[in-house]
Amino acid sequence: MDKSVATMAAAIADIADGMTIMIGGFGGSGAPIELIHALIDRFRATGSPKNLTIVNNNAGNGRIGIAAMIDAGMVAKMVCSFPRSADPRAFTEKYLAGEIGLELVPQGTLAERIRAGGAGIPAFYTPTSYGTDLAKGKPTAQFDGRMYVQERWLKADAAIIKAELADRQGNLTYRKAARNFSPLMAAAASVTIVQATRIVEPGAIDPEAVITPGIFVNRIVEISDAQQEEALMRAGVAY
Amino acid sequence: MMHKLSNAQIAWRAAQDITDGAYVNLGIGFPEMVAKFQPPDRQAIFHTENGILNFGESPPEGEEDWDLINAGKKAVTLKPGASFFHHADSFAMVRGGHLDVAILGAYEVAETGDLANWSTGPKGVPAVGGAMDLVHGARRVAVITDHVTRDGKPKLVKNCTLPLTGVACVSRVYTSLAVIDIEGGRFVLREKLPGLSLDDLQAVTGAQLVIGGAVGDLIVPEV
């Protein structure tokens, strides 16, 4: 078994128009910038993929990563908890012009919906958002004297995430707090595509240290010099 | 102009109630300041939504590691005993009632304990982050806030007029003028600035203040 592919273009080749794509990262930490930019390259060359629904905690920053996808016109809708950042212009402009959709989800509910999607749990109850505008239209129920809101699972056609080490069977480790949503997304997507800082042979990662088991991973591409969104922001880079 | 505490002084006062060994989440922005005033003889362990327990202050400029940030996307450092975890575990800590206290900012707090702190209305781009989860997770949800808005209107009210973050979730409010507990759907005054009369405090509070015992002096050092 070898899930590694040679190029980013090959890794993302089957991302198609209209897909729902989960993208790992919290702000810049864990953002798979190179694979996002590979999607933009393909869109510029071929006009596809477009009309995408993107699931991420945020909605892009500056002129790189998800913000650059939005600027390019590839994104129809964001599912996120916090569509603000140091420079949220890309999303804000399109949102206020009515050109992009938004499903605002409380952060813990977003994480749990993705977890439920990966775990085969179609719905669950949470106290989060009870009595607020974000619970409107959702079923509620009382358990042990307290009110809860029913939330549905969230699944995706593809997940695009960043890992630190990947072995050829897809076992992953992450770097520091870059892990965030990525292990959940890997399980919740039909196809999980990983950019890893280093690809190693099976056995090179201590099984005790594996965070995402390879069963949740389909494709890996090595990006050894992966860039940080925050560093690109500070350098004023536009993609 | 009524004497009032600075934001740093409100944060200092809130920090005095954090016990040794407490697991604490501080909301982004003003509440992050509470960590600076943690009494040195007590160890609190700070939680951030994006998957770190026991993080410390920001590193010097130029030494940031952008995989090591807090929920406000600021670079942080790790303390001995720190751990990383994914977002579902992070919010299991929150919703599962494992945090001892969350300290959050507020636009409005109602005497019922309702909190409005995520949206100022339908204009602009809505953003909620982890606020709605935090208010239902921590064993104690405290608010730090100026007692009134910039144009002098009460922030402690009978009913919130802005979109709610959570219903009946706040248990204590630290303001620029007083420390107030929410008990049985009422504001119970615990401490007020020494020099401030009860009538003057009531005049800038949007719901009845209840005296539930001795009212202490709110004395805070210059910080």
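Here are some questions and answers about the predicted model above.

Me: Before we start, how are the residues, chains and ligands labelled, and what does the predicted model require of local features?
Reply: Residues count from 1 along each chain as its sequence is written, while chains are lettered from A and ligands numbered from 1 in the order in which they are written. In this predicted model, totals for chains, interfaces and linings use all residues, side-chain atom pairs count only at pLDDT 80 or more, and local features need pLDDT of at least 70.

Me: What pLDDT does chain B average?
Reply: pLDDT is the predictor's confidence in each residue, from 0 to 100. In chain B, 100% of the residues score at least 70. The model as a whole scores ipTM 0.96 and pTM 0.97, and the chain B average is 96.

Me: How far apart are the end C-alpha atoms of helix 5 of chain A?
Reply: Helices (H or I, at least four residues) and strands (E, at least two) are DSSP runs, numbered from the N terminus. The expected span of a helix is 1.5 Å times one less than its number of residues. Helix 5 of chain A covers residues 107-119, so its 13 residues should span 18 Å. The model agrees, with the end C-alpha atoms apart by 18 Å.

Me: Which element gives the largest share of the side of chain B that touches chain A?
Reply: Two residues are in contact if their C-beta atoms, placed from the backbone, lie within 7 Å, and 31 residues of chain B are in contact with 39 residues of chain A. On the chain B side, helix 2 and helix 3 each supply at least two residues. The largest share, five residues, comes from helix 2 of chain B.

Me: Which residues of helix 4 of chain A meet helix 3 of chain A?
Reply: Helix 3 (residues 65-72) and helix 4 (residues 89-96) of chain A pack at an angle of about 35 degrees, with their axes 8 Å apart; axes are lines fitted to C-alpha atoms, for helices over the stretch in contact, and angles run from 0 to 180 degrees between N-to-C directions. From helix 3 of chain A come Ala67(A), Ile70(A) and Asp71(A). In helix 4 of chain A they meet Ala90(A), Phe91(A) and Lys94(A).

Me: Which residues of chain B is Lys176(A) in contact with?
Reply: Lys176(A) has a positive phi of about 50 degrees although it is not a glycine, and it is found in the loop between strand 8 (156-167) and helix 6 of chain A. Leaving aside neighbours within four places in sequence, its contacts are Asp65(B), Asp67(B), Leu68(B) and Phe84(B).
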